[in-house]
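Subject: Structure for you to look at

Hello,

Please find the sequence and structure below. My notes on what turned up in it follow.

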Amino acid sequence: MPPFGGPCRVEVPGGKWSDVNGGLTYTDRVQGACSATLLQFYASKHASSAPIEHWREAILAGRIAINGQIVFDPQAPVPPNAILEFRRPGWAEPPAPTFLDVLWWDSHVVAVHKPSGLQVLPAGPVHERCTLTLLRRFHEQHAAELKGMPAPVHRLGRGTSGVLICACSEAARSKLSRDFVDHGAANEGRLRKVYRTLVQGLVEADQGEIVVPIGRIEYPGVRGGLYAARPDGGPGAKPSSSHYTVLRRDQAAKTTLVDVEIFTGRPHQIRIHMAALGHPLVGDPLYAPGGLPLLPPAAAAEQSDTTQLAGQGALSEPAAAAAAGQQANGAAAAGGGVGRGAGAWDGSGALPQRPQGLVMPGDCGYLLHSRVLEFDHPVTGERVLATCLPPPELRLPSEGEAAQALPSAPAVPADMQ
């Protein structure tokens, strides 16, 4: 099916992100009568986001409004059914690429090449420097041809590059989201996903299956827990299946280049499964052999305080798709916790401080590339094959620039590792 447009690059205006983002407005809707004062309301409902003295400072600084009117009195009563708005000041976000390469698109689906270092959705300290912001810009340029604002239907880790599929209508988003959840076994599913990565050590077998369950474990700074290998199963552990194929072994460097096809869509699945096999990704700062974090949770907890860096946990693919759809449709941040999606608030626009030595899931450093994505078009039913040339470090000698019209993603700068 011919696309409306061929390859193109979407960039941040001027090629530079703003030094400080525009901040966030969080909305709470009071149900019925409320006996609390304004300070009591925020200090109790959002106690995990900031201590009471920070909420007092926010009210005195005029950052909180009741029914659209700014209130400076911490002891002001909260009226029945009131709408409360807290304006969080802007903050400097982590460095990120300023571009997104569109591979092909039609009115229903957009396939893009996400560079390593660019987060897909707003979360943690990232609010504006993400793929969704650049998709909005693409929509502004092609609104007449698109059925709606493109939103990702699956997730790629911040450090992962390659093919990302986005849907432009609710019908397309719903169909593709279901397909991404229900992959099926090899040659049986409606979706095929193949990644390229470089792992530590020399993988002995030329190919093999990895069926280690994946679930959450307690980990400081990650609300809800960190995804990791759960070989013994247990509550919350989900069946997970991957197939790897060895492409090249480097005896001198003691590394192995592999293609990995995944049949389930668990967060960080390839990073966890290759580590569970005993071969973590080269440069992965988080997962150790066995598929657990390099820094044991108990040891990390000793370095951490009780504050969590909210929003750092990865979303499942259907949750990511739903969140992207809400963001794409302009939904305001609301109600679920002032720290959610932007990191716990300390009363200013500064980012929350991470405990020394603590590694988070979004930290880069590894080489992982979404190379092939094959799926049924959500409207026409035609089989669609989207491919993206890996970066030079992950290429075979037979793969060259001629295989792709767009340049491959550049290496991640040192300050983004």
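This is a predicted model: local features need pLDDT of at least 70, side-chain atom pairs count only at pLDDT 80 or more; totals for chains, interfaces and linings use all residues.

As for the chain as a whole, it contains seven helices and 17 strands. Of its 417 residues, 54% are buried. Among contacts with a separation of 6 or more, 69% are between residues 24 or more positions apart.

Aromatic residues

Five aromatic pairs are present in the structure. In one of them, F41 and Y42, the ring centres are 5.5 Å apart and the planes stand at 75 degrees; the cut-off for edge-to-face is over 60 degrees, so this pair is edge-to-face. Both F41 and Y42 are buried.

Y42 also pairs with W55, and here the geometry is tilted, with 5.0 Å from centre to centre and 35 degrees between the planes. That pair links distant parts of the chain, since Y42 lies in helix α1 (residues 38-45) and W55 in helix α2 (residues 52-60), 13 residues apart. The relative accessible area of Y42 is 0%, so Y42 is buried. W55 likewise counts as buried because its relative accessibility is 0%.

Which residues make up the aromatic cluster? Y26, F41, Y42, W55 and F86 form one cluster.

The charged end of R9 is over the ring of F99, 4.1 Å from the ring centre. For R88, the ring is that of W91, and the distance to its centre is 4.4 Å.

Helix α3 (residues 131-142) has 12 residues, which at 1.5 Å a residue should span 16 Å; its end C-alpha atoms lie 17 Å apart, in agreement with that. Where do the buried residues of α3 lie around its axis? The residues in question are T131, L132, L134, L135, F138 and H142. Viewed down the axis of α3, they fall within an arc of 160 degrees, so they line one face of the helix. As background, an α-helix has 3.6 residues a turn, so residues three or four places apart point the same way.

Helix α4 (residues 170-181) gives a similar check: 12 residues at 1.5 Å each should span 16 Å, and the end C-alpha atoms are 17 Å apart, which agrees. Its buried residues are A172, R173, L176, S177, D179 and F180. Down the axis of α4, the buried residues lie within an arc of 160 degrees, so they too line one face of the helix. What does the face of α4 turned away from the buried side carry? On that face are the exposed residues E170 and A171.

Regards

How values were computed
Residues are numbered from 1 along each chain as its sequence is written. Side-chain values use heavy atoms; hydrogens and water are left out. Helices (H or I, at least four residues) and strands (E, at least two) are DSSP runs, numbered from the N terminus. The expected span of a helix is 1.5 Å times one less than its number of residues. Buried means under 20% relative accessible area, exposed over 50%, partly exposed in between (1.4 Å probe, protein chains only). The arc is that of the directions from the helix axis to the C-beta atoms. Rings of Phe, Tyr and Trp (its six-membered ring) pair if their centres lie within 6.5 Å; planes under 30 degrees apart count as stacked, over 60 as edge-to-face and the rest as tilted. A charge sits over a ring if NZ of Lys or CZ of Arg is within 6 Å of the ring centre and within 35 degrees of the ring normal. Contact means heavy atoms within 4.5 Å.
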